Structure formats: structure tokens, C-alpha cells
Amino acid sequence: MPVFWLILLAFIVVPCACFLLLAIAPRLFDQGPQWFTLTYLQQSLSGSTAMAIVNSLWVSSAAAVIGLAVGFPVAWLAARTTMPGRRWVSGGMWLALLLPSWLPALGWERLVEPEGVMYRLGLDWPWVTHLIMGPFGVVLLLGLRCVPFSYLAISAALNGLGQEFEDAARVHGATRFGALRLIVPILAPAIMSALAIGFAESISDFGVAATLAYSSNFTLATYALYAAIGNFPPSFPLAAGMSWLLVAAVAIPLALQARALRGRSYAILSGRTRQAVRRRLSRFEAGCAGCLLALFFLVMLGIPGFGAVSGSLLGDYGSSFTLTLVNYQALLAQSGLLGPLERSLLYGLIAATVTVFLGFIAARLLSSARRTRAAGAMDYVLLASVALPGVVFGAGYIFA
Amino acid sequence: MSSLHIDFYQTVQLLIIAYIASSLPTNARVLVGSVSQIQGSLRDAARTHGAGAVTAWARGVLPVVSRPIAMAWLYTFCGVFLELPLSQLLYAPGSPPASIAIEDNLSNYHFGVGMAQAVLAVFIAFGVVGLVLGGYRLLAPAGWRRIGGTVRG
């Protein structure tokens with residue numbers, strides 16, 4: 001336990017805490033003359049950084065709502081109906097979850113940008129370029145990113161929800177929509193989880209912020225924070241001020257979710273719970289549901305995948321859609337192009353192995369039958385670290 | 001740390017430490033569910049039958065948690081393999097990881113090569129996922145794979 005605490009303090013708590021402290025006490029770290037100041041917090045709430053934070057707040061809210069609006073019906077159809085392709089939904093969601101957000105963003109960008117794949121195919125649609133390379137595209141991509149989280153949260157809750165609630169509502173004369181109105185409040189914890197996780201994931205996302213949003217001149221908070229450190233001269237206190245706002249933006253919805261659910265019971269799973277019966281869809285309904293599911297996966301994985309693969313098979317110059325393997329040949333022939341992939345493979349193998357080893361020890365300590373105060377504190381530290389955006393983590397490390 | 005003459009900035013070591021530190025909280029959360037289901041009696045029974053501490057863990061506990069450990073490993077691997085924000089801030093000059101190399105190529109208008117790197121990276125990631133899941137299916141003892149499954153009557 002003491003060794004594990006030392007690791008947590010040295011590599012998680014101290015770098016991040018020092019970096020956050022820098023915003024209000026720059027003198028402590030020789031980054032300014034003040035022992036205590038709110039100047040940098042005020043600065044981060046004015047001008048272009050304030051605009052970036054406002055952009056992040058509304059984009060993340062919209063993305064979380066889109067994630068729920070798509071994820072809920074998909075989870076419902078997959079769990080409760082005979083929708084065609086329902087067995088593939090879970091795998092598809094995990095696939096989308098494992099891909100970093102910047103990859104689909106690059107795929108979309110390469111597809112719709114001027115002289116991109118779309119124009120080379122002869123589709124001269126500047127309105128699509130303007131639509132995707134702007135706030136709409138950013139919200140769409142982040143919203144699609146939230147769908148797997150919503151799907152997993154809702155489908156886990158649906159698995160424990162028996163048939164009896166719907167049956168009771170229907171017996172008392174409720175329509176299918178009326179039965180749904182009864183079910184939705186019972187699923188409130190899952191719905192609020194989906195919204196909170198979607199919001200937290202979107203506001204702390206750096207992948208879309210550094211690719212599609214940056215190319216579209218639509219600055220998000222995580223990129224503004226990166227720019228505050230990366231630009232010359234770097235402003236660590238300003239970046240730390242923005243970090244406070246980002247951490248608060250992530251922590252507040254999670255805390256509100258916990259508070260809203262406290263003191264209420266949503267326990268529905270018991271020995272008498274009856275297994276839900278799948279509703280057999282008519283051919284028309286099954287066709288519509290299958291098409292909507294296919295459309296969802298097409299937009300989420302198919303279109304960016306097509307953009308990425310076709311982009312890799314086109315030459316950099318020219319305007320025709322002539323496929324060539326020249327880029328892959330260059331990848332194999334030119335030294336230094338495969339190196340980064342080998343390097344990341346090695347980093348991934350080392351990091352995953354060490355992380356699982358330490359994660360197992362942490363899990364053992366957290367699940368110990370004799371729950372000590374130290375274990376409780378570790379639980380809190382680890383939970384708070386989950387809410388810490390990666391870019392704040394990185395900035396903390398640079399500063400440390 | 002620089003004032004203590006420990007200069008880690010822009011080194012591979014710092015990048016890997018940052019990857020581990022940022023993945024650890026989620027990883028612990030992923031594993032805590034399955035680890036909390038393990039009763040101490042599993043290990044105690046093995047010890048009573050004469051197994052040493054390591055053998056008791058390997059034969060009593062590991063089979064129960066082997067699948068969650070494999071899934072947690074894959075989740076972390078995929079997250080780290082194409083990680084962007086930490087890599088962008090902390091990578092060692094001259095040793096860029098995949099995400100930085102792809103970004104660099106794209107920002108220098110080498111779109112084709114950058115996208116080819118991205119496509120290949122995704123194939124490598126899914127190759128590793130397939131290898132681990134396939135390896136588990138082929139190599140793990142049948143008893144390990146049956147734990148947590150449903151019984152067919």
C-alpha cells in the first residue's frame with residue numbers, strides 16, 4: 001500500500017496538483033511575482049480563451065444529447081426487438097470505442113476538404129465542406145463518439161429491466177409510447193450516466209479539437225490549452241487557469257449526476273424479475289430499423305473509413321480519382337515512415353502490461369474487505385483522475 | 001524536477017510513464033468489478049492443498065480474472081497505441097509515436113502517406129486485438145474460458 005501510494009502521488013497527484021496550483025500561486029513555481037492571484041483565471045475567462053471554453057461547453061452539451069438520442073433507440077432496438085443485425089451492434093460499438101476520436105475526424109476531413117476525395121470523385125459540393133468543416137461537423141463527430149457510451153450505459157440498464165413494467169402499463173391501457181413514458185424514469189440513472197459521460201468525454205476530447213475543429217478555425221478549450229503551452233512564449237499560468245475550468249466542467253456534471261440520484265432507489269432487479277420478451281418487428285418495421293442501424297454505422301465508421309482508405313490510395317497532387325499504391329510503397333521504402341508505428345507498438349505493449357499489473361494491484365486494494373481510509377482516499381484520487389482531461393495531464397507533466 | 005537535476009522532459013521514459021499514469025485510473029476501475037468478486041477462500045483452498053503463494057494465485061485466482069485482465073490489457077493497448085494529447089505534449093524529438101508522425105505528414109501536405117500510416121496503424125491495432133483474443137481462445141485452458149459462461153442444459 002505505501003509503495004502504491006508513492007507511485008500515485010509521484011506520477012498522478014503531484015504533477016497535476018502543482019500545475020493547477022500554478023494558476024493561483026505562480027510565485028511558488030517562479031512563474032510570476034504573485035503569491036496569490038486570480039488574474040490567470042480571469043484571463044482564461046476573457047477573449048479568445050473564453051470563446052474556446054464557450055464553444056466547448058455548448059458543443060459538448062449538444063454532443064451528449066446527440067449521443068443519447070441515437071444510443072438510446074439503438075440500445076432499445078438491439079435489446080428488445082428482432083431488429084436485423086442486432087448481434088453485430090455490440091461489436092460495432094466496441095470497435096468505435098477503441099478508435100481514437102482523431103482518426104474518424106481525419107477520415108472526414110480528407111473526404112470533404114477542398115481537393116479532397118469528394119471533389120476528386122467529381123462531387124463538387126462546397127456546402128458539404130462548409131457543413132462538415134465547421135461547428136456542425138464537430139458536434140456530429142463528437143456526438144457520434146458519445147453513442148457507444150450511451151449504448152453501453154442504456155443496454156446494461158435494459159438487461160436488468162424485466163418485462164413486468166411494460167406489461168403493467170399496457171394492461172392499464174397505455175399505448176407503446178405511454179409504456180415508454182413509464183420506463184424512461186426507471187432508466188434515469190443510466191440516462192444521466194450517458195449524458196454525464198458523453199459531456200465529460202466531449203469536453204476533454206483533444207482528437208477532434210486538434211484536427212477537424214482546428215482546420216475549421218473553430219477553437220475548442222483543449223486545443224486552446226495546448227496552444228497556450230505550445231505557442232511562443234508559453235504561458236503556463238494561463239494554461240493552468242484553463243485547466244481549472246476544464247476540470248470543473250468535467251467534474252460538475254458528474255457531481256450533479258451523483259447528487260440527483262442520491263437518496264432515491266432505482267432497484268428493479270430481483271428474484272421475481274421476468275425476462276423481457278423480444279418484440280417481433282413486422283417486415284416493414286424490421287426493414288426501417290435495419291436501414292437506420294446501417295445508416296448509423298455508415299456515418300460513424302463507413303464514411304470516415306472510406307475517406308481514410310481512399311485518401312491513402314490517392315496521390316497527393318492532381319484532381320482525378322486514380323487509385324495507386326504509391327503511398328504504401330513509400331511507407332515500406334522510405335526509412336523513418338514505419339519507425340513511428342513500430343515505436344507506438346512497443347510503447348503500447350510496455351504501457352499496457354505495466355498498467356494492467358498496477359491496475360490489478362489497485363483493484364485488489366480497492367476491493368479489499370477491510371476498507372481503510374487510505375483505500376477510500378485512493379478510490380477518490382483514481383476517480384478524480386478519470387475526470388482529468390489528457391491535455392491537462394500532459395501539461396502537468398511538462399510543468400513538473 | 002529539473003531543479004532536482006532530474007531531467008525527464010522530452011524523453012521516451014516520461015512519455016511511457018505518462019501513458020501508464022493516465023491509463024491507470026480507468027484500468028483500475030475496469031478491473032475492480034471482477035477482482036471484488038473473488039473470495040479469499042479460493043486462494044485459501046489452494047494453500048490448504050499445499051500450493052505456494054504464487055501457485056495458489058496462478059491456479060486459484062488467475063483463471064477467474066484472466067479474461068478481464070486480457071480485456072483491460074487490450075483497452076489500454078488500443079488507447080496508448082494511437083494516443084494523441086500526451087504524445088503531442090511530451091514526445092521525445094526524433095522519436096515521434098504514430099499519432100504524431102501521422103499528424104506531421106498531414107500538416108506538411110503529405111496527405112497520402114499520412115493516411116496510409118493511419119490505415120496501417122488501425123490494421124496493426126486490430127491485428128493485436130485479434131491476436132490476443134485468438135490466442136486466448138486457442139491457448140487458455142478450457143476451464144478458464146468456461147468461467148463466467150452460461151451452462152447449457
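# A tour of chains A and B

Start by selecting A:Glu115: it counts as exposed because 12 other C-beta atoms lie within 10 Å. The rule used here calls a residue buried if 20 or more other C-beta atoms lie within 10 Å of its own, exposed if 12 or fewer, and partly exposed in between, with C-beta atoms placed from the backbone.

Before moving on, a word about what is on screen. This is a predicted model, in which local features need pLDDT of at least 70 and side-chain atom pairs count only at pLDDT 80 or more, while totals for chains, interfaces and linings use all residues. Residues are numbered from 1 along each chain as its sequence is written, with chains lettered from A and ligands numbered from 1 in the order in which they are written.

**Stop 1: loops of chain A**

Stay with A:Glu115, which sits in the loop between α5 (102-112) and α6 (117-120) of chain A. Helices (H or I, at least four residues) and strands (E, at least two) are DSSP runs, numbered from the N terminus. The phi angle of A:Glu115 is near 65°, a positive value in a residue other than glycine.

Next, select A:Asn217, in the loop between α13 (212-215) and α14 of chain A. Here phi is near 55°, again a positive value in a residue other than glycine. Is A:Asn217 buried or exposed? With 8 other C-beta atoms within 10 Å, A:Asn217 is exposed.

Now go to A:Pro233, in the loop between α14 (221-230) and α15 (236-261) of chain A. Look at the peptide bond that leads from A:Phe232 to A:Pro233: it is cis, and its omega is near -5°.

**Stop 2: the whole of chain A**

Zoom out to see chain A, which has 20 helices and 0 strands. Along the principal axes, its C-alpha atoms fill a box of roughly 70 × 65 × 40 Å. Of its 400 residues, 42% count as buried.

A:Ala200 counts as buried because it has 24 C-beta neighbours inside 10 Å.

**Stop 3: the nonpolar core**

A nonpolar core is a set of buried Ala, Val, Leu, Ile, Met, Phe, Trp, Tyr and Cys residues joined through C-beta atoms within 7 Å. The largest one holds 156 residues, and A:Leu225 and B:Ala18 have the most contacts inside it. Helix α3 (residues 47-80) of chain A gives the most to this core, with 15 residues.

Select A:Leu225 to look around. Two residues are in contact if their C-beta atoms, placed from the backbone, lie within 7 Å. Beyond its neighbours within four places in sequence, A:Leu225 is in contact with A:Ala239, A:Met242, A:Ser243, A:Leu246, A:Val391 and A:Ala395.

**Stop 4: chain B**

Colour chain B and count along: there are 7 helices and 0 strands. Its C-alpha trace spans about 65 × 50 × 20 Å along its principal axes. Its radius of gyration is 21 Å, whereas a compact globule of 153 residues would have one near 15 Å; the radius is taken over C-alpha atoms, and the globule rule is 2.2 Å times the number of residues to the power 0.38. Buried residues make up 42% of chain B.

Select B:Val129, in helix α6 (residues 111-139) of chain B. B:Val129 counts as partly exposed because it has 17 C-beta neighbours inside 10 Å. Its C-alpha atom is 9.2 Å from that of B:Tyr75, 54 residues apart along the chain.

**Stop 5: where the chains meet**

For this stop, Ala, Val, Leu, Ile, Met, Phe, Trp, Tyr, Cys and Pro count as nonpolar, Asp, Glu, Lys and Arg as charged, and the others, Gly among them, as polar. Show both chains: 58 residues of chain A are in contact with 57 residues of chain B. Which helix gives the most to the side of chain A that touches chain B? Helix α18 (residues 339-366) of chain A does, with 21 residues. That side of chain A has 41 nonpolar, 13 polar and 4 charged residues.

Finally, select helix α19 (residues 373-386) of chain A and helix α1 (residues 12-36) of chain B. Their axes come within 8 Å and cross at roughly 115°; axes are lines fitted to C-alpha atoms, for helices over the stretch in contact, and angles run from 0 to 180 degrees between N-to-C directions. The contact is made by A:Leu382, A:Ser385 and A:Val386 of α19(A) with B:Pro25, B:Thr26, B:Ala28 and B:Arg29 of α1(B). By class, these residues are 4 nonpolar, 2 polar and 1 charged.
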